[in-house]
Amino acid sequence: MLRDITLGQYYQTESLIHRLDPRVKLVGTIVYIISLFTFQHFSGFAVAALFLAVMIRLSRVPFRYMVKGMKAILFLLLLTVVFNLFLTPGEPLVQIWKLTITREGVRLSVFMAVRLTFLIIGSSLMTLTTTPNNLTDGMEKLMNPLKKVRVPVHEIAMMMSIALRFIPILMEETDKIMKAQIARGADFESGNLLRKAKAMVPLLVPLFISAFRRANDLAMAMEARCYQGGEGRTKMKPLQYKKRDYLAYAVLLIYLVTLAAVRIAEGMI
Amino acid sequence: MAIILDHVSHIYEKDTEMAAFALKDVCLTIPDGQFIGLIGHTGSGKSTLVQHLNGLLAPTGGHIYFNGRDIHEDGFDKKELRSKVGLVFQYPEHQLFEVDVFTDVCFGPKNLGLSVKETQLRAFEALRQVGFPEDYFYQSPFDLSGGQKRRVAIAGVLAMKPDVLVLDEPTAGLDPKGRDEILDRIAALKEETGITVVLVSHSMEDIARYVDRIIVMNRGSVLFDDIPKAVFAHYRELESVGLAAPQVTYIMQALREKGLAVRTDATTLEEAQREILRALGRDGK
């Protein structure tokens, strides 16, 4: 049921990518996503695909596992493709009733689909290989300069890590309550939209109650340990760049240079 | 009328690195009217097993038959099955959601498509069976104590009039008094209606005096399946899988080692007392 949504859930295994500093992965992912929008030619995609493939290989996360998670956003992908296909003006290719498919439309929608796919796989690769705690630690550290302009960096990071931490818990809880209500004859699948919405009540009420209870418990546990925000707080495992992290930055740089080189070469032909 | 598990296996997270056997080639028959204790250490697969009994989980290998029909064949009415095999989850009070106790208990029978009158009759009877005081019928279930909440949740399943009642650790988190009350209620219910009961627990002590058969699970397989006396005789093996026989078993074993000629298969305090008195030659005096 809900367990099938694997998009971005941490995948426990041992790999080089898993061991990298979360900051490297964050910066790498952002750079990669931006880079996806800087080229218009096939060769650029080839470079991006190659880079992604190598990263997936290094991460040791089964490719099938990632694709399984993609199903959730398939609809979004299809929608983008369809809109781009029909609504791009240009040289007509096929005419169906009032809808025209143009050469530019085909090109654009293919590019868009590939871009989105890469974007999603790329960013899910980050969350698949980084524990939520590490991820928010990295974020906090990266955003540290913003503290000077009074952005509550630590609080944002803490909220994020709590939110992320609770996703699997609440998911499991949902699964449990759902099963318990199904055992009492509840039906979550059949019926029209209104019926389905009504059928959610026996699921949502206990879920909310449990979420509040857990939040309350957590707040108490934090206070019992004298939590009082980021001021003066130290870390048990402070983030520290190692050799492999600098190496990873170098690889990222090589990727960007290759991309630029390919683009310039393409322009000259 | 029986549930038959035929070489049932279950693997969680199949096809990933986390894949783990929760059940391994389990063969069981659950005939009508038995009071069965299902025991195992945390993670032994007992919760997974009970979720197969009413079709919430489908086995990744093997078959499950209810009254002679495979419950996963096409056209098998799962809803009907779930009303016949009532499953009470661990911490069932977490599933309460209605505005008052009575309406919450009505949820199950209502889902079966029964008339309002029949639904209410069943809810009333179920609440009586679990010994829930009438004064609180129209209270919010969230204002009740833990023990009372649990009764309401069990009543919610009982109201569907199942033939088989499966309870997953019904006493978890209750104090000794609450625990005994719930177990006594279940035993009384069994007596009264002749329903089949499967009681999941990790404590031998709790169930020893109620059940007439004990199934011990270890790492997804059935380790022992016998009457309590016979299972407790394996107390050393039980210990090696993180379980324990009831305390009286140990006392009797120790007495025997010290040279007192007692039989070691007593399961309750009363039995043990009688046996010791008999061995001392003081019975009936």
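This is a predicted model: local features need pLDDT of at least 70, side-chain atom pairs count only at pLDDT 80 or more; totals for chains, interfaces and linings use all residues.

Guide: Start with helix 7 (residues 132–143) of chain A, which has 12 residues. From its first C-alpha to its last, helix 7 of chain A reaches 16 Å, close to the 16 Å expected at 1.5 Å a residue.

Visitor: Which residues of helix 7 of chain A are buried?

Guide: They are Pro132(A), Asn134(A), Leu135(A), Thr136(A), Asp137(A), Gly138(A) and Glu140(A). To be called buried, a residue needs 20 or more other C-beta atoms within 10 Å of its own. The buried residues of helix 7 pack against helix 2, helix 6 and helix 8 of chain A.

Visitor: How are helix 2 and helix 6 of chain A arranged, parallel or antiparallel?

Guide: Take the angle. Helix 2 (residues 22–36) and helix 6 (residues 103–129) of chain A pack at about 180°. Their axes are 10 Å apart. Angles over 145 degrees count as roughly antiparallel. Therefore helix 2 and helix 6 of chain A are roughly antiparallel to each other.

Visitor: Which residues meet where helix 2 and helix 6 of chain A pack?

Guide: Helix 2 of chain A brings Lys25(A), Leu26(A), Thr29(A), Tyr32(A), Ile33(A) and Leu36(A). Among their partners in helix 6 of chain A are Arg115(A), Phe118(A), Leu119(A) and Met126(A). By class, this contact has seven nonpolar, four polar and two charged residues.

Visitor: What makes Arg214(A) partly exposed?

Guide: Count its neighbours. Arg214(A) sits in helix 10 of chain A. It has 14 other C-beta atoms within 10 Å. Buried needs 20 or more, exposed needs 12 or fewer, and partly exposed lies in between. With its count of 14, Arg214(A) is therefore partly exposed. Arg214(A) and Phe166(A) are 48 residues apart in sequence, but their C-alpha atoms are 9.2 Å apart in space.

Visitor: Why is Cys226(A) called exposed?

Guide: Cys226(A) has 6 other C-beta atoms within 10 Å. The cut-off for exposed is 12 or fewer, so Cys226(A) is exposed. Cys226(A) lies in the loop between helix 10 and helix 11 (243–268) of chain A. Its phi is positive, about 65°, although Cys226(A) is not a glycine.

Visitor: And what makes His7(B) exposed?

Guide: His7(B) has 12 other C-beta atoms within 10 Å. Exposed means 12 or fewer, so His7(B) is exposed. His7(B) belongs to strand 1 (residues 2–12) of chain B. His7(B) also has a positive phi, about 45°, although it is not a glycine.

Visitor: What makes strand 1 (residues 92–96) of chain A hardly covered?

Guide: Look at the count of buried residues among its five residues. That count is zero.

Visitor: How do you know that strand 1 and strand 2 of chain A pair?

Guide: Pairing takes at least two bridges. Strand 1 and strand 2 (residues 99–102) of chain A have four, in the antiparallel sense. One example is Val94(A), whose bridge partner in strand 2 of chain A is Ile101(A). The hairpin of these strands has two residues between them, and Trp97(A) takes a positive phi near 55° there.

Visitor: How many helices and strands does chain A have?

Guide: Chain A has 11 helices and two strands. Of its 269 residues, 21% are buried.

Visitor: Now chain B. What makes strand 6 and strand 10 of chain B edge strands?

Guide: First, the sheet. Six strands of chain B form an open sheet in the order 6-7-8-3-9-10, with mixed pairing. Strand 6 (85–88) and strand 10 (221–226) of chain B each pair on one side only. From one strand to the next, the twist averages 15°.

Visitor: How do you know that strand 6 pairs with strand 7 in chain B?

Guide: Again, at least two bridges are needed. Four bridges join strand 6 to strand 7 (residues 164–168) of chain B, and the two run parallel. In one of these pairings, Val88(B) has Leu167(B) of strand 7 as its bridge partner.

Visitor: How many residues does each chain give to the contact between chain A and chain B?

Guide: Chain A gives 20 residues and chain B gives 23. Helix 8 of chain A gives the most to chain A's side, with seven residues. By class, that side has 11 nonpolar, five polar and four charged residues.

Note on methods. Residues are numbered from 1 along each chain as its sequence is written. Chains are lettered from A and ligands numbered from 1 in the order in which they are written. Axes are lines fitted to C-alpha atoms, for helices over the stretch in contact, and angles run from 0 to 180 degrees between N-to-C directions. Two residues are in contact if their C-beta atoms, placed from the backbone, lie within 7 Å. Ala, Val, Leu, Ile, Met, Phe, Trp, Tyr, Cys and Pro count as nonpolar, Asp, Glu, Lys and Arg as charged, and the others, Gly among them, as polar. Angles under 35 degrees count as roughly parallel, over 145 as roughly antiparallel, 65 to 115 as roughly perpendicular and the rest as oblique. The expected span of a helix is 1.5 Å times one less than its number of residues.
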